[in-house]
Amino acid sequence: MRVALFIPCYVDLISPEVGVSVFRVLRSQGVEVVYPEGQTCCGQPAFNSGFFKEARGAARHFLDVFGGERFDYVVCPSGSCTTMVSHYYPFLFRELPEDLERAESIGGRVREFSDFLSNVLGAEEFGARLEGRAVFHCGCHQRRELGVLEEPQRILRNVEGLQLVGWENEELCCGFGGTFSVKMPEVSVAMADEKIRALEKSGADTLVSCDPSCLLHLKGRLDRTGHGVRVLHLAQVLDPRRGRVG
Amino acid sequence: MEKTGERARREGIESGVEGFNERARRALADPELHDSIALFTRKTLKGRAARLAELPDAPGLRERAYHIKQETMANLDRYLAQMADAVEERGGNVFFAETGEDVVRYVGELARKKGAKVITKSKSMATEEIELNRRLEEEYGELELEVVETDLGEWIAQLAGDAPSHIVAPIMHMNRRQIARVLSRVAGEPLPPDVRALAGFARRRLREKFLAADIGISGANFGVAETGTICLVTNEGNGRMVTSIPPVHVVVMGIEKLVPRFEDLEVFVQLLARNGTGQKLTVYTSFITGPRGADELDGPEEFHLILMDNGRSKLLGTEFEEALYCIRCGSCLNVCPVYRQTGGHAYGSTYSGPIGAVITPLLKGDREAKDLPHASSLCAACWETCPVGIPLHDLLLKLRSRQVEEGLAGKAQEIAFKGFEEAVEHPAAYRAGARLGRLVQRPLVRDGSVRRLPPPLSGWTDFRDLPPLAERSFRELWREGID
């Protein structure tokens with residue numbers, strides 16, 4: 001099994017430790033991992049802002065970079081960026097048959113991290129251990145477009161010492177929404193605050209997600225409002241060498 | 001506290017969202033509003049889930065609804081003609097109104113001809129859309145018309161001088177105490193904030209109007225082409241009072257409310273009730289076909305069907321056509337996390353929530369509703385819940401794209417995304433940008449986080465912390481070798 005890593009730009013630049021953990025988990029499962037170094041950003045910020053032409057440019061670059069690699073699957077630690085490639089590249093190229101064919105061929109093999117572990121490798125138990133009481137936040141693309149909701153929670157339930165609890169209105173968006181978070185900051189933050197109130201009510205001390213962008217948003221608000229909640233990507237929970245960066 | 005003017009300028013990043021933000025801020029400052037919305041949506045969504053679970057094949061019903069609508073829109077001209085013929089055959093009058101203005105003229109002149117004084121109305125978003133009440137009272141001032149809303153919520157909204165803030169629940173923005181204040185003013189005496197007492201007062205007042213009405217105006221939840229039947233679903237019974245007591249009944253129906261066959265109602269009536277209010281059926285489901293027949297005891301002497309276009313037909317055959325499939329159940333409002341925070345008035349338009357953010361610019365123009373397609377985090381809960389399967393989040397994206405093509409996104413964004421594309425297409429530029437960022441951020445980092453960035457990124461840092469760019473990117477770590 002050969003996997004090409006798709007590390008979203010903000011993971012690459014802001015939270016590379018998530019990418020490191022993804023690599024270690026995949027390696028521990030005997031997967032051969034390559035990282036196409038020409039990759040940058042999937043283009044979602046431009047796409048969500050309506051700049052489709054610029055997003056198509058980014059999409060073509062992505063398809064060039066990954067099209068030049070040999071792999072069985074592309075694995076990405078973000079439900080949102082996975083959806084951009086698997087669902088929205090075909091949408092962007094719906095009237096451009098040549099690009100569309102390439103987008104569908106690669107898009108069909110892009111898998112979100114937990115989806116890949118559970119549905120491709122058939123692995124949901126990683127021998128991980130973490131003390132705490134956690135809630136799982138499912139990113140909206142992952143929940144609705146990808147439909148990968150149960151897999152990460154089953155994986156978390158197998159983590160020794162970790163108690164996974166439910167929380168109120170868990171299907172509500174965290175309010176990130178890409179550029180929405182800066183264009184309509186007050187509404188976006190009110191959405192985050194509602195999540196944080198539910199988190200507090202659940203009594204959880206840990207927040208886990210498969211979407212680093214939701215985590216960036218929620219952690220940013222948690223930190224600003226003085227909440228000491230531990231915020232982790234699923235890969236960091238499973239990382240056999242958790243806590244080491246390099 | 002910052003001044004509003006400064007705020008507005010700072011948002012002057014040409015993102016075109018000033019109006020929404022300003023109104024949303026007022027809503028966010030109102031804790032009672034958030035409670036009212038949370039209460040209503042929790043109840044409705046719970047009912048909706050239970051009613052859908054009872055269906056043997058809810059997804060199948062949704063598919064059928066989508067396909068019926070698709071087929072209807074492809075042949076709308078034919079079905080409209082069929083509907084008009086059927087109504088005329090039953091002795092009704094049919095008027096095709098291209099604009100809201102045409103509707104106002106038709107109703108105003110009809111009122112003049114009939115010497116009408118009192119007009120009762122049952123709930124109708126189509127007439128809200130064209131502000132029929134205000135325009136009749138203003139533009140036909142000499143007739144001294146009294147136009148009375150008779151849906152309880154709509155009546156209270158009318159008395160309070162408010163626009164409805166939800167498609168199905170017009171005064172979802174008010175609680176019992178606020179309603180008591182409005183009705184006490186009308187009663188001229190203090191009424192207790194007690195549902196029974198308030199409803200009793202409303203019933204007594206409205207009964208007088210029902211009996212005095214010269215014309216009754218209703219909307220239409222559905223219009224059946226093959227029979228010319230109007231289907232109305234209501235819970236208070238006021239719809240029947242409006243459509244059967246006055247000698248004249250006027251229906252204002254958006255042309256997209258058409259279904260081809262009577263049997264199609266089997267699909268739509270259940271979907272509307274189950275999704276909109278969490279009921280199997282609403283308390284009243286009325287079928288009205290033309291004026292009172294020779295062999296009938298009830299009903300109006302005259303029946304007028306106004307088929308209103310008002311910008312709808314120009315969407316046919318375009319990539320926005322699906323917006324016309326909406327059956328106004330309000331479900332997308334109930335699940336929308338943005339609506340949940342702001343309520344309907346923040347949208348500044350008749351239709352709020354995701355469907356409002358889609359159809360307002362489509363009906364009124366992109367420039368007139370520039371902010372609305374951005375009032376969404378694109379979480380797609382609207383699409384998931386829509387009983388007809390309208391991909392509302394995709395339509396919002398297409399509207400954002402149309403704004404860019406029309407040059408409405410503004411220079412700043414155009415430059416920013418041009419630069420973005422350059423960086424993304426050239427890995428060397430992307431990496432150089434990251435190195436520069438690490439250098440520039442140094443003075444901005446305090447206690448391991450970036451506390452303050454210039455506009456537009458201040459939209460982030462005013463409210464949330466931001467981790468700085470990492471010392472080494474993933475790519476650099478990869479090159480060094482990960483153990």
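Predicted model: local features only at pLDDT ≥ 70, side-chain atom pairs only at ≥ 80, totals over all residues.
Local features require pLDDT of at least 70 and side-chain atom pairs pLDDT 80 or more, whereas totals for chains, interfaces and linings use all residues. Residues are numbered from 1 along each chain as its sequence is written, chains are lettered from A and ligands numbered from 1 in the order in which they are written, and side-chain values use heavy atoms, with hydrogens and water left out.

**View 1. The interface of chain B and chain A.** The contact (heavy atoms within 4.5 Å) involves 72 residues of chain B and 70 residues of chain A. About 6200 Å² is buried between the two chains, 64% of it from carbon and sulfur atoms; buried area is the accessible area (1.4 Å probe) that two parts lose on being put together, summed over both. Tyr430(B), Phe474(B) and Trp478(B) account for 12% of the area that chain B buries against chain A, more than any other three residues.

**View 2. Polar contacts and the chain B side of the interface.** Between chain B and chain A, 35 residue pairs are in polar contact, both residues being at pLDDT 80 or more. A polar contact is a pair of N or O atoms within 3.5 Å; within protein, one must be able to donate a hydrogen and the other to accept it, and residues adjacent in sequence count only if both atoms are side-chain atoms. Elements that give two or more residues to the side of chain B that touches chain A include helix 2 (18-28), helix 18 (392-405) and helix 22 (474-480) of chain B. Helix 19 of chain B gives the most, with nine residues. Helices (H or I, at least four residues) and strands (E, at least two) are DSSP runs, numbered from the N terminus.

**View 3. Salt bridges across the interface.** Nine salt bridges are found between chain B and chain A, a salt bridge being a side-chain nitrogen of Lys or Arg within 4 Å of a carboxyl oxygen of Asp or Glu. In one salt bridge, the closest N and O atoms of Arg479(B) and Glu37(A) are 2.8 Å apart. Another joins the side chains of Arg144(A) and Glu384(B) at 2.9 Å, N to O. This pair crosses from helix 8 (residues 140-146) of chain A to helix 17 of chain B. Arg144(A) is buried at 9% relative accessibility, whereas Glu384(B) is partly exposed at 43%; buried means under 20% relative accessible area, exposed over 50%, and partly exposed in between (1.4 Å probe, protein chains only). Arg24(A), Asp239(A), Arg241(A) and Asp483(B) are linked in a network of salt bridges.

**View 4. A salt bridge within chain B.** The side chains of Asp371(B) and Arg23(B) form a salt bridge (3.4 Å, N to O). Asp371(B) lies in the loop between helix 16 (353-364) and helix 17 of chain B and Arg23(B) in helix 2 of chain B, so the pair ties together parts that are 348 residues apart in sequence. Asp371(B) is buried at 10% relative accessibility, and Arg23(B) is partly exposed at 23%.

**View 5. Strand pairing in chain A.** Strand 5 (residues 129-137) of chain A pairs in the parallel sense with strand 6 (residues 160-164) of chain A over four bridges; two strands pair if DSSP finds at least two bridges between them. Gly132(A) stands opposite Leu162(A) in strand 6 of chain A. Strand 5 of chain A also pairs in the parallel sense with strand 7 (residues 206-209) of chain A over four bridges, where Ala134(A) has Thr206(A) as its bridge partner.
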